[in-house]
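Hi,

Here's the model I said I'd pass on.

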Amino acid sequence: MSKRLQTILEEIGLTRREARVYLAVLAQQEATLADVAKRTLIPRMSCYSILHGLLQKGYIDVLVKKKRRFFVTVHPSKISARLE
């Protein structure tokens with residue numbers, strides 16, 4: 001299923017790495033930078049850049065809990081509404 005979702009995300013304009021990072025955050029609901037890097041096997045600094053780009057594009061949001069940053073995905077329906 002995740003390969004299919006990754007393909008769909010790539011078709012709507014995300015890069016392969018952006019799609020992998022988005023799906024990693026989606027799978028965990030709330031993920032730290034370290035969680036995403038570990039799950040995707042992408043180096044932390046690269047993950048940070050990708051997460052920052054996804055944040056600017058509106059695909060993810062940031063939550064701060066006890067001074068820690070957690071990344072969460074924007075609901076897919078909001079993304080599809082924006083694309084239409």
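**Salt bridges and a helix pair**

E10 is partly exposed, at 28% relative accessible area (buried is under 20%, exposed over 50%, partly exposed in between; 1.4 Å probe, protein chains only). Bear in mind that this is a predicted model: local features need pLDDT of at least 70, side-chain atom pairs count only at pLDDT 80 or more, and totals for chains, interfaces and linings use all residues. Numbering runs from 1 along each chain as its sequence is written, and side-chain values use heavy atoms, leaving out hydrogens and water.

E10 pairs with R16, with 3.7 Å between the closest N and O atoms; R16 itself is exposed, at 56%. There are three salt bridges in total, taking a Lys or Arg side-chain nitrogen within 4 Å of an Asp or Glu carboxyl oxygen.

Another joins E18 and K57 at 2.9 Å, N to O. E18 sits in α2 (16-28) and K57 in α4, so this pair ties together parts 39 residues apart in sequence. E18 is buried, at 10%, while K57 is partly exposed, at 38%.

K65 and E30 also meet, at 2.9 Å, N to O. K65 is in β1 (60-65) and E30 in the loop between α2 and α3, 35 residues apart.

As for the helices, α3 (33-40) packs on α4 (44-57) at about 110 degrees, axes 9 Å apart. That makes them roughly perpendicular (65 to 115 degrees; axes are fitted to C-alpha atoms over the stretch in contact, with angles from 0 to 180 degrees between N-to-C directions).

Cheers

How values were computed:
Helices (H or I, at least four residues) and strands (E, at least two) are DSSP runs, numbered from the N terminus. Angles under 35 degrees count as roughly parallel, over 145 as roughly antiparallel, 65 to 115 as roughly perpendicular and the rest as oblique.
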